[in-house]
Amino acid sequence: MKFTAEQIADILEGDIVGDPQVEVSKLSKIEEGVEGALTFLANPKYTPFIYSTKATIAIVNRDFEPEQEISATLIKVDDAYKSFSKLLEYYNQVKNNKVGIEQPSYASETATYGENVYLGAFSYLGENVKLGDNVKIYPQVYIGDNVTIGDNTTIYAGAKLYSETEIGKHCIINSGTIIGADGFGFAPDKNGAFQKVPQTGNVIIEDYVDIGSATTIDRATLGSTIIRQGVKLDNQIQIAHNVEIGKNTVIAAQTGIAGSTKMGENCLIGGQVGIAGHLTIGNNVRVQAQTGIGHRVKDGEKLYGSPAIDYGNYVKSYVHFKNLPGIIKTINELEKKVNGNS
């Protein structure tokens, strides 16, 4: 896809300094700019690159005044960083605006879908699947029976949505993600062998949820595993059966949450965090990377360590931990002096 400086300026409501008809077909960092690329200057420390970049178009702040000759056409805007982000979003929308049904693919006769739907090759739609308007299903996606997907949601290649799953509007499900597989439910019999407990619930994903690649969200034993509106999940996260994640919570990669834990709203969870089952995590909780949580967490707590303790206490304690050999040496010397004087 190619865009002229004039088209970009119209999208961003910017002013052009240079040739309005020059075209770009790619994006680049300013220090790596090449002919035919669009870049931006927002951080002052990158200003020297504006004079050497080979990029064809550069987005800059309105107050930018060049001190040397610049080969790129400039588009001046109120905020170069925000404008470039807006342009990236627009570019993705145009790039991903696929429509139609590719073959080979399979859609059950009972499946229904709205307008401007894209169904990629080798994708599968089971019985009674319902797709909203502008839904994009990329190749090799499996969608089981009775799944519903809301308007403007995108499911990328290779994702698997098991039966009864409900996906809201404006969601993004990345490649390799599995939603609705059986929860890890087993019960020992009288001989100590573990028998599977049927997992008869489902998964509900509300609106504006982003889910990274290779993340797994298990169906509930009974009821629903629920991911609330605005949640953002990184890659390779495990969410077990009957877990509930509150609105606008963000969770980084390789975190695992055990069954039936309820997490509040607006939490920030670092990478490789482990959270035990049947817990309540409050709202606005902050958890540092590699923390292990095995107890109830109140609203607003900041945690670190395994098992987790108050973040401030952990940092203070760690200072002493690093100095532990010296502290022990001092204690031993004091003991010798005390014992020598006794």
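Predicted model: local features only at pLDDT ≥ 70, side-chain atom pairs only at ≥ 80, totals over all residues.
Trainee: Where does glutamine 140 lie, and what is its phi?

Mentor: Glutamine 140 is in the loop between strands E14 (136–137) and E15 (142–143). Its phi is positive, about 65 degrees, although the residue is not a glycine. Asparagine 146 also has a positive phi of about 65 degrees, again without being a glycine. Asparagine 146 sits in the loop between E15 and strand E16 (148–149) and, at 32% relative accessibility, is partly exposed.

Trainee: Which residues are joined by cis peptide bonds?

Mentor: Look at the omega angle. Glutamine 103 and proline 104 are joined by a cis bond, with omega about 5 degrees. Proline 104 belongs to the loop between strand E8 (100–101) and strand E9 (106–107). Serine 306 and proline 307 are also linked in cis, with omega about 0 degrees, and proline 307 is in the loop between strands E39 (302–304) and E40 (309–310).

Trainee: On to cysteines: how many disulfides does the structure hold?

Mentor: The structure holds 0 disulfides. For cysteine 171, the nearest cysteine sulfur is that of cysteine 267, 19 Å away; a disulfide needs two sulfur atoms within 2.5 Å, so cysteine 171 is in none. Cysteine 171 is buried, at 0% relative accessibility, and cysteine 267 is buried with a relative accessible area of 0%.

Trainee: What does the side chain of threonine 177 reach?

Mentor: The threonine 177 side chain reaches the backbone oxygen of glycine 212 at 2.5 Å. Threonine 177 lies in the loop between strand E20 (172–173) and strand E21 (178–181), and counts as buried at 0% relative accessibility.

Trainee: How do I read a helix such as H4, and what lies at its start?

Mentor: Compare its span with the expected one. H4 (residues 311–322) has 12 residues and spans 17 Å from first C-alpha to last, close to the expected 16 Å. At its start, a side-chain oxygen of aspartate 310 comes within 3.0 Å of the backbone nitrogen of glycine 312.

Trainee: Which residues make the nonpolar surface patch?

Mentor: First, the general idea: an α-helix has 3.6 residues a turn, so residues three or four places apart point the same way. Here, Tyr318, Phe321, Leu324, Ile327, Ile328 and Ile331 make a patch of about 530 Å². Helix H5 (324–341) and H4 each supply at least two of its residues, and H5 gives the most, with 4. Phenylalanine 321, in H4, is exposed at 53% relative accessible area.

Definitions and conventions. Residues numbered from 1 in each chain as written. Heavy atoms only, no water. Expected span 1.5 Å × (residues − 1). Polar contact = N/O pair within 3.5 Å; in protein donor to acceptor, adjacent residues only side chain to side chain. Patch = residues over 30% accessible without salt bridge, like charges linked within 9 Å, V, L, I, M, F, W, Y side chains within 5 Å. Areas by Shrake-Rupley, 256 points an atom, 1.4 Å probe, with all protein chains shown as cover. Salt bridge = Lys/Arg side-chain N within 4 Å of Asp/Glu carboxyl O. Buried < 20%, exposed > 50% of the residue type's maximum accessible area, 1.4 Å probe, protein only.
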